[in-house]
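Colleague: Please walk me through this model. I'll ask as we go.

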Amino acid sequence: MNLANGWLFSAVVLVVVGGLIASAETALTRISRVRAEEFVRESRRGATRLQAIVADPPRYLNLLLLLRLSCELVATVIATLLFIDWLGDKGGAYAAAAAVMIVISYVIVGVSPRTLGRQHAEPIALASAPLVYGLTRIFGPLPKLLILLGNAVTPGKGFREGPFTSEAELRDLVDLAEERRVIEPDEREMIHSVFELGDTLVREVMVPRTDMVFIERGKTLNQALSLALRSGFSRIPVVGENEDDVIGIAYLKDIVRRVQETGDDGRAEQVETIMRSATYVPESKPIDQLLREMQARQIHQAIVIDEYGGTAGLVTIEDILEEIVGEITDEYDQEVPRVEPLDDGSVRVTARLPVGDLADLFHIELEVDDVETVGGLLAHALGRVPIAGSEAVVEGLSLTAESLAGRRNRIGTVLVRRITPAEPDSVGASAGHD
């Protein structure tokens with residue numbers, strides 16, 4: 001009987017130790033590096049060890065996981081032996097031992113200590129950090145050896161630090177926090193967007209080549225200034241022989257400064273004299289890497305190159321930020337009706353209005369391949385990206401780009417009117433990029 005009592009006491013101790021380890025594990029995962037540094041500056045007891053743990057979490061958390069599992073499993077074996085001793089070597093003894101240990105492990109190791117670890121993360125982390133640090137010094141190589149063994153028997157390539165803290169688990173925690181109203185839904189989406197940065201390529205966020213506004217290197221500063229003001233862009237790529245030959249970037253502030261200095265309205269000097277060098281990035285580059293590079297090099301725009309060396313598009317730092325915070329708008333962006341009849345008989349429509357709706361509105365047939373919107377129809381007729389003032393005639397309708405919208409300064413509305421018989425009924429274009 002005394003022996004049985006000793007085994008029972010050992011099982012209880014192991015369960016309690018497993019619960020303490022679970023509490024410490026939860027608390028340590030909730031302490032950030034910044035908070036650990038604050039504890040060090042405040043000279044809190046255990047802060048130095050805590051800072052070391054937070055700096056290399058897998059090394060310490062893997063050991064805690066191993067110790068916790070060991071406590072639970074050994075306690076389960078002892079409980080099974082005790083039930084066999086009490087009830088005999090029967091199936092009921094095994095079932096009773098399993099049921100009791102499942103409940104005890106779930107409550108004492110799973111729920112209660114983890115709740116305490118989350119509610120009192122800072123004091124528990126500070127108190128447990130020295131002990132965890134010392135245990136890692138003693139048993140540190142053991143988890144690494146077991147991880148190597150696990151990777152050896154796992155098909156494919158394993159994880160050097162073990163698979164115990166994954167991105168999926170962090171995503172689940174974020175979703176759980178949103179469900180419990182700890183964070184707002186838009187905050188949850190923003191955090192998920194940060195996770196997805198590493199999986200998003202430049203080609204997925206760039207402005208495609210068909211939507212880019214270029215200027216030829218031989219154009220004058222006056223023409224460049226006019227294009228910048230009409231298009232709404234402050235940085236315009238400068239091209240040489242064709243659109244695949246981007247040789248630089250013309251900045252609006254440089255153009256204005258030079259025009260002001262020369263005093264000749266910029267009609268004599270060419271735009272290539274003031275352009276800055278362009279930055280080129282492959283379209284397969286992850287945007288999280290690109291964001292860090294753009295921050296380090298203090299650039300806001302880069303030309304995206306495809307696998308053949310041609311221009312695929314351009315990407316700005318705002319395009320990347322929009323992947324995190326969503327669409328960026330300003331005070332000029334206002335909601336406009338899809339169709340607005342005007343007093344002179346013309347109609348103002350949004351650039352996103354389907355071509356079919358425009359045809360129904362004017363009772364005509366409009367069939368253009370690979371064009372779905374009015375903005376696309378105007379671009380197709382012009383053969384280039386429309387800017388404010390661009391005009392074309394298609395199937396008896398005069399289309400005039402009327403306003404810009406959004407951060408990318410794309411055409412927001414188009415003025416459409418039916419041309420009179422006296423006017424030419426052919427596809428034409430005016431007010432282009434010159």
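**Surface, salt bridges and a hairpin**

Modeller: The largest share of the nonpolar patch comes from α1, with four residues. Note that this is a predicted model: local features need pLDDT of at least 70, side-chain atom pairs count only at pLDDT 80 or more, and totals for chains, interfaces and linings use all residues. Residues are numbered from 1 along each chain as its sequence is written, and side-chain values use heavy atoms, with hydrogens and water left out.

Colleague: Which residues form the nonpolar patch on the surface?

Modeller: Leu8, Val12, Val16, Leu20, Trp86 and Leu87. Together they have about 570 Å² of accessible area. That area comes from the Shrake-Rupley method with a 1.4 Å probe, and for residues only the protein chains shown count as cover. Patch residues have over 30% relative accessible area and no salt bridge; nonpolar side chains (Val, Leu, Ile, Met, Phe, Trp, Tyr) are joined within 5 Å, like charges within 9 Å.

Colleague: Which helices each supply at least two residues of it?

Modeller: α1 (2-29) and α4 (57-87). Helices are DSSP runs (H or I, at least four residues), as are strands (E, at least two), numbered from the N terminus.

Colleague: Take Leu20. Buried or exposed?

Modeller: Leu20 lies in helix α1. Its relative accessibility is 59%, so Leu20 counts as exposed. The cut-offs are under 20% for buried and over 50% for exposed, with partly exposed in between (1.4 Å probe, protein chains only).

Colleague: New topic. Where is Thr200 found?

Modeller: In the loop between α9 (185-196) and α10 (202-205). Thr200 counts as buried because its relative accessibility is 11%.

Colleague: What is Thr200 in contact with?

Modeller: Val205, Lys285, Pro286, Ile287 and Glu323, leaving aside neighbours within four places in sequence. Contact means heavy atoms within 4.5 Å.

Colleague: On to charges. How many salt bridges does the structure hold?

Modeller: 15. Each is a side-chain nitrogen of Lys or Arg within 4 Å of a carboxyl oxygen of Asp or Glu. Side chains of opposite charge can pair when their charged atoms come close.

Colleague: What does Asp254 form a salt bridge with?

Modeller: One partner is Arg257, with the closest N and O atoms 3.1 Å apart. Both sit in helix α12 (residues 252-262), three residues apart, about one turn of the helix. Asp254 also meets Arg276 in a salt bridge, 2.8 Å from N to O. That pair links distant parts of the chain: Arg276 is in the loop between α12 and β5 (280-282), 22 residues from Asp254.

Colleague: How far apart are Glu402 and Arg348 in sequence?

Modeller: Their side chains meet in a salt bridge, 2.6 Å from N to O. Glu402 is in strand β11 (residues 397-405) and Arg348 in strand β9 (residues 347-350), so the pair ties together parts 54 residues apart in sequence. Elsewhere, salt bridges that share partners join Glu25, Arg68 and Glu72 into one network.

Colleague: Last one. How many residues of strand β4 are buried?

Modeller: Five of its six; β4 spans residues 246-251. Strand β3 (residues 235-239) runs antiparallel to β4, joined by five bridges. Two strands pair if DSSP finds at least two bridges between them. Val238 has Gly248 as its bridge partner in β4. β3 and β4 form a hairpin with six residues between them.
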